[in-house]
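Me: Please walk me through this model, one feature at a time. Give me the general idea, then the case.

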Amino acid sequence: MTSSQPSPDTSQRFIFEHADVRGEIVRLRHSYATAIAGKHYPDAVAQLLGQFLAASALLSTTIKFDGRLVLQVRSEGELAVIMAECTSNGELRGIARYAETPTATAFAELLRNGTLVITIDTRKGEPYQGIVTLEGESLAQSLQAYFQQSEQLGTVFYFAVDRDTVAGLMLQQLPAQLQRDAEARASHWEHFSTLARTLTAEELLQLPNADILHRLYHQEELRVFPPRELVFKCSCSRERTARALAALGREEIESIVAEKGGVEISCEFCGTEYNFGPGEVSLLFEQALEGGATH
Ligand SMILES: [Zn+2]
């Protein structure tokens with residue numbers, strides 16, 4: 001690389017010209033670093049959060065929507081909640097929550113009896129939610145099982161994480177259009193997905209997308225789209241924080257104000273601090289009493 005500019009986080013789409021299959025490659029450095037900065041996550045948790053961020057970016061490209069896609073697992077394991085979201089504008093954030101610092105490193109142990117929930121929260125209309133029991137030994141396997149159940153389309157996910165980079169590859173069958181013959185369709189899918197599995201973690205993390213695609217599919221005709229930029233951006237705001245405060249109840253908040261002279265809340269995703277003085281707090285509850293429709 002000759003440029004001194006750090007390369008932006010991106011995801012890049014490609015489609016096969018002669019088969020109903022598409023793919024996407026995502027690579028995150030800055031947004032991954034920002035999401036885990038100052039959190040003191042154990043390595044296994046940080047790397048898993050990296051995979052969730054990459055997965056939310058990949059999943060957000062499989063649908064047309066205006067809003068945000070949230071990928072979340074709740075579990076009975078050491079890692080109670082892990083979630084990442086990607087907006088239709090390519091803004092990522094994510095978090096892991098636990099009572100005590102996890103010591104497990106295996107996916108199935110960290111997220112024992114987990115439930116995977118994919119929510120698509122659009123600015124208009126009801127949110128869509130897909131829920132499945134967590135399966136397999138990795139996030140990739142769980143997502144493959146999810147798509148097998150819900151869409152009945154073959155989908156392959158592959159993630160790789162090192163100290164400062166997380167990369168992901170998704171390959172997905174599209175509904176039959178170019179290829180109507182079921183047998184040819186199945187054999188193409190088998191061929192392409194088998195090739196995808198030959199990619200090593202090092203290749204996925206380090207090679208430019210063009211080299212990855214050449215390495216896997218140089219015998220195929222591909223159409224490669226311009227990369228989409230991804231950034232870490234938290235959707236928290238003073239207004240949202242105020243609404244969350246109001247939801248905690250007047251008595252509780254007023255006792256904090258009486259004791260500390262105000263309320264200080266920091267966003268768990270990005271660390272931004274929001275301070276509310278006594279005057280603002282009472283205003284908040286008066287507004288809430290007037291119907292609460294302050295957003
Ligand atoms: Zn925030």
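Reply: Start with strands 1 and 2. Strand 1 (residues 9–16) pairs with strand 2 in the antiparallel sense, over six bridges. Two strands pair if DSSP finds at least two bridges between them. Strands (E, at least two residues) and helices (H or I, at least four) are DSSP runs, numbered from the N terminus. Residue numbers run from 1 along each chain as its sequence is written. The model is predicted: local features need pLDDT of at least 70, side-chain atom pairs count only at pLDDT 80 or more, and totals for chains, interfaces and linings use all residues.

Me: How many residues lie between strand 1 and strand 2 in their hairpin?

Reply: Four residues lie between them.

Me: What does strand 7 pair with?

Reply: Strand 7 pairs with strand 6 (residues 115–122), antiparallel, over six bridges. Ile120 stands opposite Tyr128 in strand 7. The two strands form a hairpin with five residues between them, and Gly125 in the turn has a positive phi of about 80°.

Me: On to helices. How long should helix 5 be, and does the model agree or disagree?

Reply: The expected span is 1.5 Å times one less than the number of residues. Helix 5 (residues 182–196) has 15 residues and should span 21 Å; its end C-alpha atoms are 21 Å apart, so the two agree.

Me: Which residues of helix 5 are buried?

Reply: The general idea is that an α-helix has 3.6 residues a turn, so residues three or four places apart point the same way. In helix 5, the buried residues are His188, Trp189 and Phe192. They sit on the same side of helix 5, because they cover an arc of only 100° around the axis. That arc is taken over the directions from the helix axis to the C-beta atoms. On the other side, Ala182, Glu183, Ser187, Glu190 and Thr194 are exposed.

Me: What do the buried residues of helix 5 pack against?

Reply: Strand 2 (21–28) and strand 9 (166–173). Contact here has a cut-off: two residues are in contact if their C-beta atoms, placed from the backbone, lie within 7 Å.

Me: Why does helix 9 lie largely in the open?

Reply: Helix 9 (residues 250–260) has 11 residues, and the number buried is zero, so helix 9 lies largely in the open. Just after helix 9, Gly261 takes a positive phi of about 80°.

Me: Where is the largest nonpolar core, and which residues touch the most other members?

Reply: In soluble globular proteins, nonpolar side chains tend to be buried together. A nonpolar core is a set of buried Ala, Val, Leu, Ile, Met, Phe, Trp, Tyr and Cys residues joined through C-beta atoms within 7 Å. The largest core here has 59 residues; Leu49, Phe52, Leu53, Ala54 and Ala55 touch the most other members. Its largest share, 10 residues, comes from helix 2 (residues 43–60). A second, separate core has five residues, among them Ala242, Leu245, Val263 and Phe276.

Me: Is Ala35 buried or exposed?

Reply: Ala35 is buried, because 26 other C-beta atoms lie within 10 Å. Ala35 is in helix 1 (residues 30–36). Beyond its neighbours within four places in sequence, Ala35 is in contact with Leu49, Leu53, Arg93, Gly94 and Phe232.

Me: And the whole chain: which domains is it divided into?

Reply: Domain bounds come from an automatic or database domain assignment. That assignment gives domain 1 (9–232) and domain 2 (238–289). Their centres, taken over C-alpha atoms, are 36 Å apart. The chain has 10 helices and 13 strands. Of its 295 residues, 33% are buried.

How values were computed: A residue is buried if 20 or more other C-beta atoms lie within 10 Å of its own, exposed if 12 or fewer, and partly exposed in between; C-beta atoms are placed from the backbone.
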